[in-house]
Structure formats: structure tokens, C-alpha cells
Amino acid sequence: MIKRDLVIVGGGPAGLAAAISAYENGIKDILLLERDQYLGGLLNQCIHTGFGIEYFKEVLTGPEYADRFIRKIKNITSIEISLRSFVVRLEKDKTLTYLKPGGLFTVRPRALIMATGCREKTREMVHIPGTRPAGIFSAGLAQKLINIEGLLPGKEVVIIGSGDIGLIMARRFTLEGAEVKGIIEIQPTTRGLLRNVVQCVEDFGIPIYFNHKVLRIHGSDRVEKVSVAKVDEKMNEIAGTEFDIECDTVLVSVGLIPENELIEMAGVIIDKRTNSPVSTEVNKTSVPGIFVCGNSYKVYDYVDSVTVDSQLAGKMAAEYIKGLD
Amino acid sequence: MNLYDIAIIGGGVVGTAIARELSRYRLTIVLFEKEAEVAFGVSKSNSGIIHPGTQNPPASLKGKLCVQGNILTRRLARELAVDFKEAGELIVAFSEEEAGRLIQLKKDAEALGVPRLKIVDKKWLRKNEPNLSGEAIAALYAPTAGIISPYRWVYDLAENAIQNGAEIRTGLEVKKILAKKPRFEIVTQKGAFGARFVINAAGLYADDVSAMSGIKNFKIKPRKGEEFLLDKKLEGLTKHLLFPLPSNISKGILVTRTSDGNPMIGPTAEDVDDKTDLSTTSEGFRKVLEGAHKLVPSINENDVIAYFAGLRPVAGEDFIIRHEDEAPGFINVAGIQSPGLTAAPAIALMVAGILRDHGLLLKKKAVFRKHRKKEYHLFAIPIAKTKKLIKKDASYGDIVCRCEMVSAKEVREAIARGATTMDGIKFRTRAQAGRCHGSFCTTRLMKILAQETGLSRLAVTKRGKGSELVKTGRVSD
């Protein structure tokens, strides 16, 4: 068993900022675990601009924003970065077990910062009935397929929900030559940022249907169409308003959920509704010495806010460790 | 033209169980499955319950085969290294009138030979099934009910049949069956095959296949069932499989669980006309929730993490398993609805008997490999064991699916064992079956599948031709 002052789980914007901040606040023995083969997390697939406006007062792409922190952390030799490292277990005393190709390791830190990000809600979580053909993707998966893998998921797209990733993907699909036939939003307004509605949807003339819901997905092998209807204030469909949109692809963009299954394993109290830790103060959890920051603490609109709150988490963890001595 | 002693049409649990049983004899066997992989038809949507035999008419063939099948499945599962969990079932009564019906149910089941049945009272239920509704007043307890993974079961039956020399040809649809005495000629889209005996285990399409050889004495009517899976966090929700009292057409809405530990609620039972209608509905969801609430009031609709629909191939009340004298050598195994999964090994024995009765010599092979080597799933083993595996092979430490903890090694092994599609990988390994439904691991799985099969990523499908995941890509693909 290895002992460490501080372990940080997650090498996305939250983990990077927290690690650097903890170092700057006097902690020198830091291990950062990242399950992917590179740092930067989800920012790597966010090749659009709009990052850093608040924090750097500049307009950056996601990879550029991440790169500023990656360069910085790589210069700090006392932060050990372990890639392809997947945490499988977390115990009450903060002992972590993680897998890496070739080995299974245990480490017990004095403080732990979880920066595990969030995942997208699925079609199943919002109970959209119908069939289960190929062609249904979370907006984030479609983004990865196009931007990282160079694969275009489909040619005629309907987007369920108007979350930011969905809005951004509406533009991305259009730029790749696909036709976005509509965005279906059950609420009367968008759940994304206004700037995304303007720049990604309205500027491209993409139809957006507020107060509408998808009643059913059709198609046996591949998506063929969706049935849509208008809803009343109680989100119930209004009879006679049903219509079909033919499409080969459905993107689901109905919200994000913090990824906190690991700390739940360690007995941290989680709010069942939001999947965030129950907390008296930002970044804190019910277990002393376990901190949560970034989108795993709560889902933020801007990466700039993730950075600022994660820096605070780094500082809080540093103070906690110093307080133990 | 390739010639065989036996041609089996249909790669579901029935067809593969027959193939495996017959593979112990000196016979040449071929099995045709029209889908990309075995288990992709009726079997994949099965609820995975190995029934004790409690809810069948006493004189029925399906009742008899179910009771035999329950015993045979245990032995076969050990031989094939498939997880079988004995969970026990409770058929729950909510009124005095229902409690009275339990007595008749118990008598009927005992007449069929179902062992160790017991009627239990409210006090017993409180103690042994604490989340069961307080309204329940009694139950019929059948301890021999069990759980198995229906698709892994079919895959392993198929794999062992192949090890013993059977040929399994997937993606081949039978178009015509010509009687050219003394053999049949089976015409597929990829050529014709000759066989002395044809066994029709074509599930929903058994009536169409039967008609190809001139036998039109039954019709398959699909009966749809919608099932809803709950979060694995609720694994301990119930100890037993919970049933209401059965109706005429189904066993009702149940609270069970999968062999991987997710509680499952359902199924509905609705007669439909379309043999391809696998859609779930909001009415189905409401019905299932209502039925499940009656048994376990604490179930919350927000705990539902996945759902699917399946079709039962119904041909009247009972199974049809017979040699068709008007087409000598043609055996129908049709209408295998519930409890078909349980009965399958018994059906296979019965079919072997029919073959013998019709002149086929069943001579045992000198070497029959009845055991299959178990594959490891990281999600299902203790961490100390994982450590040993990684020492042996580093790629066990390369996690592909984070929600269900599936390694690259397991994915490659699944492909080596016959997975050719994304669903095939999911059913075998659980990769994509967790909370994120494949959002994080799909691209990696596509790459591994492409690498291992030599296909382009553009050719990677969800479940066979027509279900390609992506439409276009870079020229290099």
C-alpha cells in the first residue's frame, strides 16, 4: 500500500485545476489518476470555441483551454500523473484501489479530491418509448464520433432536448453536411445557454420545437422516424397535435448527472435526486477529507467556473492536510 | 452440396440446446440462424427465470418438460460453467379467495412433480421477504426457481455444440425446404444444404418454416412482453422472485432480477400481429409499474434504467413438439413460449427420442467434450481474483467499459467466442449495459471489434446488417 498526501481522481479541467492549486498551496506529494490515455477530459472533444472568456479573457477551444493547464502541470515534477488508471474501489478510510494495464494498486491518501465529471442522461432515464434500433446516441457520444474518431453518425438528425451539447451538435452536424430536422424540447424554453441557441441553432435555421415531446422512436434495424406531439403545462401530450419526423439518427441531450458512484461506495451521502454530494459548503462532502469538485460536485454551465471552484477545492484539501499535522 | 444428418432451423435456446444434445452422437449437424448471432431472436428478451413448474396445467406437455428442464438445466449449467442462481419463487395471495387458489396451484404443481412446495403465511413473508407489500397474506413458495442469463446460456450451448463438431451458420435465412427423398434440400440465400432430418425451432417464424415443407397445421401468434430493469444499486430489493397469481394468458407482472443482479419488473402480455414489433409503450410502462407496486410498494419509476420488449411465439396453449408424418423426417418444435427457456434441455432430449423413433441411429461419440471453460467477468469476481488475472494477462487491467468494469481482454475474448456485433459484445460482457448505456465506451468497442474482425469501423453494426452505427467516415476507413 502506497501512502500519499493527496490523490486526485480525474484529469479533466477540474482535476487539473485542483492539483495545481493544491501544489501552489503547499502540498508536494500529489498523485493524479486519469482513466483515459490523455489529460484534458471531455474538453478534448469540444473543438468549438467559447472556453476561457471569463478566466483567461480570451476565446479558446476546449483543447486549447485544457492545454494551458496540461502544460502547467507537466512542469510540476512533484505531481505524479498516472494515465489509464481506473479506480475500482474507494473505502471509508479513503483507500483507493485502481487498475492500470499490468497491475492493480492500492493507495491511501490523507485527503482525496474527486474530479470525476459527469455523464449524460440517457433516453431510458426519460422513458422515451418505442424501438431500440441503431442510430440513437447521446449528444456527447456523437460529438466524440465526429470530432475524435472522424465518423459521421447520421445524415438526418432529430435532437431530443436542448442541452448545450445538443445545441452544439446541431451546428456540428450541419457543418458536416447532415440535416438537423428539429430539436424537440419539452420545456417552454431552452435548457442550454442563450448564446448557443443563437449561434448554433437560429443562425443555421434549425427548427426548434418548444413544448413538444417525442412520443416514440420508430425503426427496427436503424432509426426511421420519431413521433412528436405538443404538450400542455403538465407535460402531457395534446391530442391531435401528433406528427412524425423522418430521420436516421436521434441525439439525446436531456441533461447531465454528476458521476459519484465511487464516493457513494465510501459512504459519502449523495442527494438521490441530483446525484451530487450532500454538502454544507462548496466542494465539501459528509466525509472529512473527501472533496468533490467540478461537474461531479454539480453540473456547471462554463468550464471557467469549474476551474475556479476546483482551485478552491485544491486549497481546501491543502488546508485540511496541513491541519492534520 | 453439403450433406448433414440433421439440420436445425433457429439459433435460440431451443435450437442450440438441441444442437448441443445431439452433438454427443456421431451425427453431422448444421444449425441455421437468420440473425447475425445466435440468441438474437426470442431468446434475448427472455426474463431468465428457470421456472420450477408451478403454473402449468397438470396434464400439459410444457408442465412436464418444465419440471424436467428445471433439473436438467442445473446439471447442464454446471457442465457449461454458466451461472445458475437458485432464488426460489413466491406466488403471492392478497385475499382469502386468492389464498384459497394457492392450494389448488400447489396440488397441480405437485401432480407435475414440482418438489418442496410450501404455503407460507404472513409472518413468514414479513421475515423472509421484508420489502413485499404488507397487503400480502400468504404465498406458495417454490424453492427450486432459479435465474440464468438467457443470452449467455444460448451462447454457451452454441459454443459447446461447436466444440463437439456441430456447425452453426449465422446470417443464413432458410428460404425453401424441398423434400427430395431420402433427404431434404434446404435453400438459403447462400446456397442449398442437404439433410436427412429437419428440426424446426424457428421461434416466431416456426409456422412459416413449417409451411415450407407443406405442414400448415398451426399459426404462431406473437404475444408481446415489455420488461423494465432497475438500477443495480437495488440488487437486494427482493430475495425471491415474486409472482402474483397467474391469469389465463400469462404469469402476470413479476418482480424478479437478472443474473447480473438488476431487479426487473414486467412483463406485459399483449397479443400483437407484427412479428417484428419490439417497441415499448407508455401504457406498458404504466401497467408494469402498477403491477410491480402491488408486490413491492417501494419501487420508484426513477429507478428504471433500461427497458425492452420481447415476443413470445404462441401457438395455442401448449408446446408443439412432434414428427410430422406427412413430411417424414420433419420435426416441429414450435409454440415454445414460457416456460421454454427452462424446458429447453428437456425438449432437446425429447427431440432426440423422436429422432430415434424415426430410425436415426444415435451412437455416442468416443469423445464428447461436455465441459466448457469459464470466461471471467471482472464485474462478477472479487478484486483479489482480478489481481491474479492481471498478472497472467495485463489486458485485464485495461478497462473499456467503466460502468460495468469490462476489460479489453474480456471484449476480445467475447469476439473470439463469436461476437460479431455491438449487441453481441454487450450480451456477453455487459459492456454498454450500465448506467451510461455505452456513451463512454462505444468508440473503443468499435475499434476493438474492427481490429479483431478486420472490418472497417463503418461496417460495425448494433445487431447485424442494416444496423450500422455510423453512416460515413474518413477515407482511411
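Chain B contains twelve helices and 23 strands, where helices (H or I, at least four residues) and strands (E, at least two) are DSSP runs numbered from the N terminus. The model is predicted, and local features need pLDDT of at least 70, side-chain atom pairs count only at pLDDT 80 or more, and totals for chains, interfaces and linings use all residues. Residues are numbered from 1 along each chain as its sequence is written, while chains are lettered from A and ligands numbered from 1 in the order in which they are written.

The C-alpha trace of chain B spans about 65 × 55 × 45 Å along its principal axes.

Chain B is divided into domain 1 (2–43 + 150–219 + 316–357), domain 2 (84–146 + 221–314) and domain 3 (379–459), with bounds that come from an automatic or database domain assignment. The C-alpha centres of domain 1 and domain 3 of chain B are separated by 31 Å. Seven residues from domain 1 of chain B and eight residues from domain 3 of chain B make up the contact, two residues being in contact if their C-beta atoms, placed from the backbone, lie within 7 Å. On the side of domain 1 of chain B that touches domain 3 of chain B, four residues are nonpolar, none is polar and three are charged. In this classification Ala, Val, Leu, Ile, Met, Phe, Trp, Tyr, Cys and Pro count as nonpolar, Asp, Glu, Lys and Arg as charged, and the others, Gly among them, as polar.

Strand 12 (residues 191–200) of chain B takes part in several pairings, described in turn below. Two strands are taken to pair if DSSP finds at least two bridges between them. Strand 1 (residues 2–9) of chain B runs parallel to strand 12 of chain B and is joined to it by seven bridges, with Ala7(B) opposite Val198(B). Val198(B) also stands opposite Phe330(B), which belongs to strand 20 of chain B. This strand 20 (residues 330–334) pairs with strand 12 of chain B in the parallel sense over three bridges. Strand 11 (residues 183–188) of chain B, by contrast, pairs with strand 12 of chain B in the antiparallel sense over five bridges, and Ile186(B) is set opposite Phe193(B). Strands 11 and 12 of chain B form a hairpin, with two residues between them.

In chain A, the domain assignment gives domain 1 (2–119 + 256–324) and domain 2 (122–252). Their C-alpha centres lie 31 Å apart, and the contact draws five residues from domain 1 of chain A and six residues from domain 2 of chain A. The side of domain 1 of chain A that touches domain 2 of chain A has one nonpolar, three polar and one charged residues.

Strand 16 (residues 225–230) of chain A is linked to strand 17 of chain A by four bridges, and Lys225(A) has Glu246(A) as its bridge partner.

Helix 3 (residues 139–147) and helix 4 (residues 164–175) of chain A have axes that come within 9 Å and cross at roughly 35°; axes are lines fitted to C-alpha atoms, for helices over the stretch in contact, and angles run from 0 to 180 degrees between N-to-C directions. Ala139(A), Gly140(A), Ala142(A), Gln143(A) and Ile146(A) of helix 3 meet Ile165(A), Gly166(A), Met169(A) and Arg172(A) of helix 4. This helix contact comprises five nonpolar, three polar and one charged residues.

Between the chains, 38 residues of chain A are in contact with 41 residues of chain B. Helix 3 of chain A supplies the largest share of the chain A side, four residues. That side has 13 nonpolar, twelve polar and 13 charged residues. Strand 11 of chain A also pairs with strand 23 (residues 472–473) of chain B in the antiparallel sense over two bridges, and Leu151(A) has Gly473(B) as its bridge partner.
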